[in-house]
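Student: I would like to learn how to read a few features in a structure. Please give the general idea each time, and then the case at hand.

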Number of protein chains: 4
Amino acid sequence: MSFPQIPKIEYKGPESTDPLSYRFYNKSEIIMGKTMEEWCRFSLCSWHTFRGKGADPFGFPTMKRHFDDESDSMENAKRRIDAMFEMLVKLDIGYYTFHDRDVSPEGSTLEESNKMLDEIVDYLAEKQKETGVKLLWATQNLFSHPRYMNGGATNPDATTFAYACTQAKKVIEINHKLGGENVVYWGGREGYQSVLNTDVKREMDHMAAFFRMCRDYRDKIGSTAQLLIEPKPREPTKHQYDYDAQTVIGFLCTYGLQGDFKVNIEPNHTTLAGHDYEHDILVASKLGFLGSIDCNSGDPLLGWDTDMFCTDIKKTTLVMKIVIEQGGLHAGGLNFDCKVRRESTEDRDLFIGHIGGIDNFARGLRNAAKIIQDNVIDNMVKERYATFDEGFGKTVEEGTATLESAAAFAVKAGEPEQKSGRQEEYEMILNRYV
Amino acid sequence: MSFPQIPKIEYKGPESTDPLSYRFYNKSEIIMGKTMEEWCRFSLCSWHTFRGKGADPFGFPTMKRHFDDESDSMENAKRRIDAMFEMLVKLDIGYYTFHDRDVSPEGSTLEESNKMLDEIVDYLAEKQKETGVKLLWATQNLFSHPRYMNGGATNPDATTFAYACTQAKKVIEINHKLGGENVVYWGGREGYQSVLNTDVKREMDHMAAFFRMCRDYRDKIGSTAQLLIEPKPREPTKHQYDYDAQTVIGFLCTYGLQGDFKVNIEPNHTTLAGHDYEHDILVASKLGFLGSIDCNSGDPLLGWDTDMFCTDIKKTTLVMKIVIEQGGLHAGGLNFDCKVRRESTEDRDLFIGHIGGIDNFARGLRNAAKIIQDNVIDNMVKERYATFDEGFGKTVEEGTATLESAAAFAVKAGEPEQKSGRQEEYEMILNRYV
Amino acid sequence: MSFPQIPKIEYKGPESTDPLSYRFYNKSEIIMGKTMEEWCRFSLCSWHTFRGKGADPFGFPTMKRHFDDESDSMENAKRRIDAMFEMLVKLDIGYYTFHDRDVSPEGSTLEESNKMLDEIVDYLAEKQKETGVKLLWATQNLFSHPRYMNGGATNPDATTFAYACTQAKKVIEINHKLGGENVVYWGGREGYQSVLNTDVKREMDHMAAFFRMCRDYRDKIGSTAQLLIEPKPREPTKHQYDYDAQTVIGFLCTYGLQGDFKVNIEPNHTTLAGHDYEHDILVASKLGFLGSIDCNSGDPLLGWDTDMFCTDIKKTTLVMKIVIEQGGLHAGGLNFDCKVRRESTEDRDLFIGHIGGIDNFARGLRNAAKIIQDNVIDNMVKERYATFDEGFGKTVEEGTATLESAAAFAVKAGEPEQKSGRQEEYEMILNRYV
Amino acid sequence: MSFPQIPKIEYKGPESTDPLSYRFYNKSEIIMGKTMEEWCRFSLCSWHTFRGKGADPFGFPTMKRHFDDESDSMENAKRRIDAMFEMLVKLDIGYYTFHDRDVSPEGSTLEESNKMLDEIVDYLAEKQKETGVKLLWATQNLFSHPRYMNGGATNPDATTFAYACTQAKKVIEINHKLGGENVVYWGGREGYQSVLNTDVKREMDHMAAFFRMCRDYRDKIGSTAQLLIEPKPREPTKHQYDYDAQTVIGFLCTYGLQGDFKVNIEPNHTTLAGHDYEHDILVASKLGFLGSIDCNSGDPLLGWDTDMFCTDIKKTTLVMKIVIEQGGLHAGGLNFDCKVRRESTEDRDLFIGHIGGIDNFARGLRNAAKIIQDNVIDNMVKERYATFDEGFGKTVEEGTATLESAAAFAVKAGEPEQKSGRQEEYEMILNRYV
């Protein structure tokens, strides 16, 4: 056992003070017609949780895991996988995610790397079968190796571009084999460090070509995995081409890819882009592009990716309200792309971080359901837009209004009546639920 | 005369220490086949320069102009117009811009407002004829009046939406009458203050409807003015739907309006959105959407719109390089949406601010031309992407590459050669020109 | 009556859904030995609440109050005061605050302004007597009038400096007369817009001289009001000399004023300075400088002062914990330097904003008391520092340790034991209380 | 030879296009009475330049140096030192800086680490003698090793505190032995990650105790090295106690250490703290606390430490103007705490980065001297404050003014005359020099 001191985490209700218990996440409890498990579709990530050891730009790793001897051996890779599945079972959550190079070592050639990866994939398949846990998504790491220092799909060098394609091809294949429900594309170095040495247009064209090639190959091998782009504004690159949800949606529309890709939103990235925590989830959902969520949190006063567990109940409430309103996450999930703080060095901290994260989203789900069922806020909003449900307003929504019909209406209507936005009252009402 | 103490501003060359002279802007001098005037197409704005009096959220106006008695009378409006044309002539620049409510008072009804506006438009037409100055663009103010507190085109109330349409209709008409080369849409309150009381999707749909109606009306009356949306991320609204260039381009593509609108970039807004000064100009240009530029500057450490004259020569150099590369601004221009500091209370400051702004872009133009003609930087960039000019790289650009052809190529090519990005050398070379 | 439609606000308990009731603020309820009223010492401000009308840099006022005819007359000033005291009584809170120029008009000379102010002060004294409401603090407005555009106490012109002193003198006098418990100094324009035209050293020296003169005069007239400086990093000035709590404390120590001034912390300013909401309150309290709190809130993604009511319960909990730990606010209070949103145009919104603010701090007080009484978190913290309670650690705190004694201890002790910081567990525990 | 392909860098004048030459730095040229070398006192750092290999939070190292076999051996340490001195000689600069753990490996015990460090120090002494290069400063690394994850001088554990003291003691000794002119204290983890688990007051007290102990030991061993604290607002810690220059100065005054410590300013940290590039250098200089400068640059749009070479001539001009005004840097210098971009992988890039940095400060020095000699700007500033040179203003500066004398003066003087701040003109004049 990797975590002998950690028991299976049980639901003990809101009054529990046991840090190794759930206070709000009661997996099979029905909320608005679905189990909490179905609404949340929680997922563990292989990188932060099983590869992260607390290194930061100013310091060495602080964490030791007794299941990890820090070597690049296949045995070690499998031990880490064992630990991951033990944690999945102990937390009782149903999905996991990985990068190709998290779960399997990089060899000295592509062929060698792929051969090792195949062996690991077989091992993962076994563990999936054994535990019933499923793969939410796989992705390719096109940013850690020095060869990608100038980008993967946007590298100025065609050989590197081809290398990136080869990794992407393999991930589509293994994801298909493992029944992964999505494939994610996060392009940490797809952007520019300096406009002086960059041909922005060519790089964007190449990125679009890469996505088209991925889509075609997914179709060709018969995979139906949903393809997801994960926006981030900057870091490690100064400016990333996939800045935020609307930039990505615009990019997809510009290159005619809007039918084939959705987005995987990480709220930590959203706040780095200057938007509220829930903003990208909201606009992506409303425009029909919300595929999945990396349910972490950032610090709005820090300018880098902190990948913290979300501790703000108001934020989880708003997010779960959007999720309920779009009928659930479908093929997506709530993936814990989160890491414990560098100073939280014990295995117990790893579990407590996840339990807190799970419980905060579960609490948010409960709050959101209550808000929707009470229908106070939504009614107020509906009433606010009521003039677009009839008369001239309706012609605007139907597309038949013109500036001339508008002018005729406006002259007749005279000065519009002033209507308070009542923001403080909305906020007061929201605070009743959190 | 409005500015009796200010002479006509002359070009006196780089050694001049006369603040009321140009050191770099030599209007008729030919640079790379065009006059400086043709490249720059400078424009004065009617709002900051002739209506701004130094009020800020914490203080009352500080500036008095002897041509302005602060009244809402038509006489006063015309005196301000006289002052504007006097300044245009003294600075020797060829374009101006206005909002409907800057140049003409708001009456107690729409009809009254429009009647006064018609009289003002006649007066402007006369002044244009008299001086040869042209209208770069007109726009409608849909943000100052309390009726627009919840937005214009995105107002939850259909009557207010109709009111906004009516103003937009009038502006299309008067712009056409005055030969304005563009119409600009800046939606200061088209966004949300709180997601709690906002139906984001309906508001975006209404905004798209508004733009469609504007386009249709422009076509109907036979105007060929270019339509421009001006992005801004926030302020006065917490989140604006027209966040930055790529968000606007994505919006246009989402709603099928990409053939009809371009963007008017204000670098001050670009930095507020978290991008480098030149970023939005660059991506808009490369994607074919750059229409015009409000050539001001912000302070990256202040979180609000400061609308300063640009004093950074490196920035003006980068911008003018992009302008030259796209063959000029066509119907657009460099519009001084800039204001002197609140403490710069004399008329002389107003001229010095503009002279500095003009000279800095003129100096940038000279630098940019030299960079392009020397061709050192561009050659380095071209060389950097050379592997996409042939072989596998070329198939990527031609759209015939697949993940499989890429993989075959990658396996054969082996580990890509490492190539330095040489950013410090690019920066060193750039510093030779500024 | 100014607010005929608004009843007296009563405590109705946590289940109340009446927006015009308190759910958590039960004035006379005893919490840890004091009434809620004594802990909170809530205060209304005269500026945002009674003078603010919703103007912003891009728009005209949106709010009309029927008690305010917008004139500068003394009758109007008194009507606004009547409204303020009616609101104080209806909300049942005990303190108010004002700037000299909020409550009384500015005349054409200093003498005239002071004469009007004297009449208003008599009127305020009457209202205080009538209602039992007290003055928390008064302050001088040295930023709105154009004469202060280059600063008050840091103005490059000695005549303006003297003018500022004269206003400050008068405020010390009237505050004394009205029994004000503090005098506040907020220097909105005490800083620089540009280092090019500023002698930073002379300006800081003048600011220190101003504070010394104020202290001396307070002492001379026998006032015992606590003097408070309110930090803010920027806005309206680019850089303010009173950037944040520690900058102000450093300034006071540099100029030998540390015994005479404390700080008035506005968390909205704290976040603008790049610190967490509670940071300045915490460090000011721990260093013995926390005098009073302007209990508003900002938006960390907006770069300007939004002066919102605080809606984040976790933040109010942390603040009230600090307040309890220092034994209350003493002469200070929780002053609502808050404004309703520009779109919240009804009188009812004004009350709801304040009720929400009061309730959120009352809820925070309840949470904080429970945290302190349970003593789980504080015990964990105490244990974390236990090695400084004895042995070598104790000599560090007593001031007798040397590098040599430390080295001797370290060599003997060997590699320190690793101790997890357990941040996720602290956060999980905090979430049990909110 | 470590850099066989790199020649000695020579001054070739402003027209040179050889990237491996100086265009502005002419070491022995006299500027305002001192050589350029004396004004600039350039210094190489051992960490970024000789230990940095391009790793970032998302990627592995990209750079290989053929003098570095990546081992922890003493031979390797000495080879790196050889490379450093070769570079010092080739760049012809006179100073270097190091952390204890950059130049010498960490052993398994303190004793072992110190023994190896002694050997390295002997080697450095030899190299100094051989080349004439001097040590600008040494410092202790109290942030990289996991033992310091919760801080060094502010660690909650007294044993770790003692460990930090022991390293600091050793650095004071070896710095003294090597003739180092300063000792620097940068506390990367002296701050808090979470207020929940932190006793801020005790930690600040411990930090003050640490500084007192360092000062006492320096005095005891007869060292006269200047002690310098280096401010930084955050990163790696969320909030550092040494936030910016004024916070540090305030801290020193609070704990009575103001006579013993100065500050080492890194402008990259200044901008992270929300201030203009030159701000901390300016206020530290004017308050008498400017000791030395880490002459790098950040990106105001990125929220982390980029440690770039400064490429902005206006900034280097402003900095060198302050340096000239305080009569030079005395014991301090301009230390290149800078790194080449991760993608700039060649040795040549390392030289070009430094050459660019040196030349930009040299160009700034030339500009600053010209500004001071022309005396246009300083005269305008002096004139701006002239009213404090006589009459009432003078009594303010002399400390004899009172609120009463001010009021008497103000009443007599009447409304102050409005004087424009003329910021645009100052900026225009500055642009003549850059």
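**Chain copies and aromatic rings**

Tutor: This is a predicted model. Chain B can be laid on chain C by a turn of 180° and a shift of 0.0 Å along the axis, with an RMSD of 0.0 Å. The two copies are thus related as by a two-fold rotation axis.

Student: How are two copies of a chain related in general?

Tutor: By a rotation about an axis and a shift along that axis.

Student: Which residue of chain B comes closest to the rotation axis?

Tutor: B:G303, whose C-alpha is at 1.8 Å.

Student: Through what surface do the copies meet?

Tutor: Of the interface residues of chain B, 100% are also interface residues in chain C, so the copies meet through the same surface.

Student: Now the rings. How many aromatic pairs are there over all chains?

Tutor: Two rings pair if their centres lie within 6.5 Å. By this rule the count over all chains is 103 aromatic pairs. One of them is the tilted pair of D:F50 and D:F67, with 6.3 Å from centre to centre and 50° between the planes. This pair links distant parts of chain D: D:F50 belongs to helix α2 (residues 47-51), while D:F67, 17 residues apart, is in the loop between α2 and α3 (74-91).

Student: Are D:F50 and D:F67 buried or exposed?

Tutor: Both D:F50 and D:F67 are buried. Rings also gather in one aromatic cluster whose members include A:F161, A:Y185, B:F388 and B:F409.

Student: Where does the charged end of B:R147 sit?

Tutor: Over the ring of B:Y163, 3.8 Å from its centre. In chain D, D:R147 lies over the face of D:Y163, at 3.8 Å from the ring centre.

Conventions:
Residues are numbered from 1 along each chain as its sequence is written. Chains are lettered from A and ligands numbered from 1 in the order in which they are written. This is a predicted model: local features need pLDDT of at least 70, side-chain atom pairs count only at pLDDT 80 or more; totals for chains, interfaces and linings use all residues. Side-chain values use heavy atoms; hydrogens and water are left out. Rings of Phe, Tyr and Trp (its six-membered ring) pair if their centres lie within 6.5 Å; planes under 30 degrees apart count as stacked, over 60 as edge-to-face and the rest as tilted. Helices (H or I, at least four residues) and strands (E, at least two) are DSSP runs, numbered from the N terminus. Buried means under 20% relative accessible area, exposed over 50%, partly exposed in between (1.4 Å probe, protein chains only). A charge sits over a ring if NZ of Lys or CZ of Arg is within 6 Å of the ring centre and within 35 degrees of the ring normal. Copies are superposed by least squares on the C-alpha atoms of residues with pLDDT of at least 70 in both. Contact means heavy atoms within 4.5 Å.
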